[in-house]
Amino acid sequence: ANDFDPNVYRADFPILERRVASGASLAFLDNAASTQRPAAVIEAMNDCYRSYYANVHRGIHTLSEESTHAYEQARESVAAFLNAAAAREVIFTAGTTASINTVARSWGDATVGPGDVILLTIAEHHANIVPWHQLAQRSGCRVEFLPINDDYTINDEVVSAALQRFQPKMFAMTAASNTLGTIFPVARWTKLAHDHGATVLVDAAQAAPHQVVDVQAWDADFVAFSGHKICGPTGIGVLFGKESLLDAMPPFLGGGGMIRDVTTSGFTSAALPEKFEAGTPPIAEAIGLAAATRYITAVGLDRIAAHEHVLCEHAESQLRQIDGVRIVGPTPDKKGGIIGLHIAGVHAHDVSQHLDTRGIAVRAGHHCTMPLHHHLNLAATARASFYFYNTIEEADRLVEAIVEVQKKFAPSGRKRQKRS
Ligand code: PMP
């Protein structure tokens, strides 16, 4: 039995009351791209700008001290959210993309050389592929990919065999696929990778919104996620790194705030976390992010996952009955609240456009996973992605609209209409 009532939380999200251009009420099912923000997050940022905002770390005046305190408190909140051993292991970045680029540049340039291997899964987002391709161009290392099974999962044996064969310097994996929804066993694979001497980076962009991220339980060396996917602001994300690794790495961006000393002949770096935070950081965004971590923790990450599972099961049991509709992703027990869809003979953009006329926001395209789409021999998919504020009624609206799409656009649907 599921006693979760999304309507309790919907009241916190003013934007969910909106209507779209067609006049239909909004069913926001594009949460894997970016979630919406509750009033608590908007107010935390408003309060910063209205009452105590100033630049951090440098000023000896009241507002700067208050802002610095709030910014460092935000780091403490995020450290608690991740169960990091120390707040200095939490680096504020511009987002998952910036976090992974920081590791590829800083750790990568210092560690990787010609012939070395970076191991990825084929399900990675471009943010966890392109920085490694760029590292390969600079260093002469190469990038290898783990294939995915027909059921959209990857077996431990395949991971072990690749680790054995390639002896990678780095295994960089997503904790959950933004296209398929598949949840990967991070702690198990991290153990396997460590047994083979690899360093592990986890792209937690799609995990942090929906499951407890415990960096110590995972034992991952680096973990990246974005604020805007967990009800927080845009323009901020996190790079968690084990202190010993971050300490040994050279800074990536240079500038104010990341130095201890600068002379005409060189510089020395500040200690963690400042070493990796050159320039004025996203101050109000960090404060908003901390509010978001508190908000979703209060909702309860286990309850969020359970509710999304209910919505997925409810929608998929009906979608599977529709002619020509293929669910591109594993069964709901193996994934988060993402439904990847392919409808025979219908372009994903037509799906998305028709759904918009019904007020339903979904995404269509390759979702920044072109190698995965190529691997699956698909040009594009339509993706509905749930969050805790979505309702069973919205899941039903999705199904009804997909039935309409099938009738309107699919060759089989059109044929059936003519006959009847
Ligand atoms: N990795 C995954 C799995 C994602 O879903 C996303 C966002 N779609 C990213 C990385 C990139 O996140 P951002 O755009 O916030 O840097």
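## Domain and sheets

Residues 28–398 are 41% helix and 17% strand, and the end C-alpha atoms of this span lie 10 Å apart; helices (H or I, at least four residues) and strands (E, at least two) are DSSP runs, numbered from the N terminus. The model is predicted, so to speak of local features requires pLDDT of at least 70, side-chain atom pairs count only at pLDDT 80 or more, and totals for chains, interfaces and linings use all residues. Residues are numbered from 1 along each chain as its sequence is written, and side-chain values use heavy atoms, with hydrogens and water left out.

In an unreviewed entry, UniProt lists residues 28–398 as "domain: Aminotransferase class V". Such positions are given in the numbering used here, feature names are shortened, and annotations may be inferred rather than shown by experiment.

Seven strands make up an open sheet with mixed pairing, in the order 2-8-7-6-5-3-4; two strands pair if DSSP finds at least two bridges between them. Strand 2 (90–93) and strand 4 (142–146) each have a single partner strand and stand at the edges, so one side of each has no neighbour in the sheet. From one strand to the next, the twist averages 20°, where axes are lines fitted to C-alpha atoms and angles run from 0 to 180 degrees between N-to-C directions. Strand 3 (residues 117–121) runs parallel to strand 4 and is joined to it by five bridges. In this pair, V117 stands opposite R142 of strand 4.

Another open sheet has four strands in the order 11-12-15-14, with antiparallel pairing. Its edges are strand 11 (325–327) and strand 14 (363–365); each has a single partner strand, so one side of each is left without a neighbour in the sheet. Here the twist averages 30° from one strand to the next. Strand 11 and strand 12 (residues 338–343) run antiparallel and are joined by three bridges, with V325 opposite I343.

## Ligand surroundings

The residues around the ligand (a heavy atom within 4 Å) include T96, A127, D203 and S226. This shell divides into two nonpolar, eight polar and two charged residues. The table gives polar contacts, which are pairs of N or O atoms within 3.5 Å.

| Side chain | Ligand atom | Distance |
|---|---|---|
| T97 | oxygen | 2.5 Å |
| H125 | nitrogen | 3.2 Å |
| K229 | nitrogen | 2.7 Å |

Taken alone, the ligand exposes 400 Å², of which the protein buries 85%; these areas come from the Shrake-Rupley method with a 1.4 Å probe.

Methods. A polar contact is a pair of N or O atoms within 3.5 Å; within protein, one must be able to donate a hydrogen and the other to accept it, and residues adjacent in sequence count only if both atoms are side-chain atoms. Ala, Val, Leu, Ile, Met, Phe, Trp, Tyr, Cys and Pro count as nonpolar, Asp, Glu, Lys and Arg as charged, and the others, Gly among them, as polar.
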